[in-house]
Amino acid sequence: MYEILVVAITVVFGLCAGSFLNVCIWRLPREGLSVSKPRRSFCPSCEAKISWRDNIPVLSWLLLRGRCRACEKPISIRYPLVELLTAAVCALVVWRFHLQIQLGVLEQQPGLGVVVSCIALLALVCALLVAAFVDADLRILPDEITVGGMHFVLLAMLVFQDLRFSLASKAAERALPGNLVPPSIDTTGGHSITSMVEGAVRDALGGLSGILPGWELSTGPAIAVLALLVLFFFLSGSFCYHLYRRWRLPDESNGFFDVSLAGLLCALSAGLLGALCVLPGFEDSRIAYNLASTLLGMLTGSGLVFLIGVVGTFVFRKPAMGFGDVKLMGLLGGLAGCWGALTAFFLACILGSIVGIPRRLISGDRHLSFGPFLIISGVFVYLWPDAVDSALDWYSGLFSG
Ligand SMILES: [Zn+2]
């Protein structure tokens with residue numbers, strides 16, 4: 001009974017959210033229109049205001065038989081489809097949380113924290129849906145979503161620590177870098193990247209403390225040192241990126257989000273590395289785990305697309321990848337982790353060729369937005385890291401015979 005109620009609420013919420021997403025998809029990339037102004041929805045053909053009874057998700061479209069009440073011009077079937085798709089995706093996310101509860105990863109009685117993290121994830125997934133449709137329509141990935149989403153993912157992974165879904169099976173067998181096994185599940189293999197980095201830095205520090213006898217940090221001063229380190233790296237990271245923008249994009253102004261994100265990434269990486277070395281027991285904490293996998297995933301995702309873009313531009317002598325894809329993969333990598341980012345990219349290439357090659361043969365259209373495929377596979381890989389694990393198993397099985 002409880003489950004049916006949750007599903008019903010989710011679907012109704014998803015339909016209404018989908019209706020709002022339709023508005024965002026239309027308005028976000030267009031100059032002079034904002035999501036909140038004008039307040040009322042209007043018909044794109046005759047600009048007549050749409051009354052509330054013609055604005056009920058899916059139902060109104062069916063009742064009006066897909067035509068505007070004022071001008072009788074057809075309303076695209078995409079509007080109800082986006083609403084249904086949003087409802088389905090929302091249900092999927094909620095179901096995934098339900099699964100986490102059943103697996104015993106989350107507590108049985110979902111508390112406020114779980115509900116809030118679920119809502120945060122729903123908001124992010126909805127924003128990604130908007131990005132997918134805007135990119136498919138206009139080949140634009142709005143910075144509001146990609147860069148804003150990167151900020152959001154970093155913060156959300158810190159605040160809502162349940163957002164990193166763990167492998168259901170064989171969690172401890174293989175510690176994948178970026179999909180490091182969460183501490184709550186326990187880890188036996190110590191081959192993760194953080195432990196390698198940590199080991200290296202510990203060794204280096206060990207050497208140092210050999211030179212400086214009696215040099216040992218207690219927690220209080222260690223936190224102070226860390227805070228200074230983080231501040232320093234935030235400022236210098238922001239400043240370097242600011243200089244980079246001045247050099248590369250002299251015409252574009254106001255990269256406040258980008259600049260602060262660069263600073264934030266630098267500060268967090270430095271802080272994380274520092275904390276692993278100086279704070280006792282920090283490497284066992286879930287925050288460290290979430291931070292490490294999110295940062296690694298962001299770097300892997302955007303780094304991979306950036307590299308392919310640079311090489312592709314060099315080889316084909318025209319832009320091979322948009323910079324929007326780099327930012328998008330940063331966001332998706334942050335969600336899915338390092339291996340998740342690689343798998344999602346690979347999956348997106350397969351999906352893209354399944355759709356793109358026939359499309360090119362039939363209509364001769366060379367341009368295919370890559371964003372929607374990245375988003376579909378990124379979200380899938382994030383929600384089901386197990387799928388990545390089995391795919392890797394299958395892949396390694398090919399060679400072991
Ligand atoms: Zn109309």
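What is the handedness of the crossing of α5 and α9? The crossing of these two helices is right-handed, a crossing being called right-handed if the near helix is turned clockwise from the far one by less than a right angle, and left-handed if anticlockwise. The structure is a predicted model, in which local features need pLDDT of at least 70 and side-chain atom pairs count only at pLDDT 80 or more, whereas totals for chains, interfaces and linings use all residues. Residues are numbered from 1 along each chain as its sequence is written.

The chain has 12 helices and zero strands, where helices (H or I, at least four residues) and strands (E, at least two) are DSSP runs numbered from the N terminus. Of the 401 residues of the chain, 35% count as buried; a residue is buried if 20 or more other C-beta atoms, placed from the backbone, lie within 10 Å of its own, exposed if 12 or fewer, and partly exposed in between. Among contacts between residues at least 6 apart in sequence, 70% join residues at least 24 apart, two residues being in contact if their C-beta atoms, placed from the backbone, lie within 7 Å.

The contact is made by Leu 265, Leu 268, Ser 269, Leu 272, Ala 275 and Leu 276 on the α8 side, and by Ala 288, Leu 291, Ala 292 and Leu 295 on the α9 side. Here α8 passes α9 in a left-handed crossing. The crossing of α9 and α10 is right-handed.

Ser 293 lies in α9 and counts as buried, with 29 C-beta neighbours inside 10 Å; its C-alpha atom is separated by 10.0 Å from that of Gly 340, 47 residues apart along the chain. Leu 299, also placed in α9, counts as partly exposed, with 18 C-beta neighbours inside 10 Å, and the C-alpha atoms of Leu 299 and Ala 341, 42 residues apart along the chain, are separated by 9.4 Å.

The largest nonpolar core contains 84 residues, of which Val 125, Val 130 and Ala 131 touch the most other members; such a core is a set of buried Ala, Val, Leu, Ile, Met, Phe, Trp, Tyr and Cys residues joined through C-beta atoms within 7 Å. This core draws at least three residues from each of domain 1 (1–140) and domain 2 (172–401), the domain bounds coming from an automatic or database domain assignment. Leaving aside neighbours within four places in sequence, Ala 131 is in contact with Leu 141, Pro 142, Ile 145, Thr 146, Leu 328, Gly 371 and Ile 375.

In helix α3 (residues 78–102) is found Ala 87, which is buried, with 21 other C-beta atoms within 10 Å. With neighbours within four places in sequence set aside, the contacts of Ala 87 are Val 11, Gly 14, Leu 15 and Gly 18.

Most residues other than glycine have a negative phi. Glu 72, in the loop between α2 (59–63) and α3, has a positive phi near 65 degrees and counts as exposed, with 10 C-beta neighbours inside 10 Å. Arg 139, in the loop between α4 (112–138) and α5, has a positive phi near 55 degrees and, with 15 C-beta neighbours inside 10 Å, counts as partly exposed.
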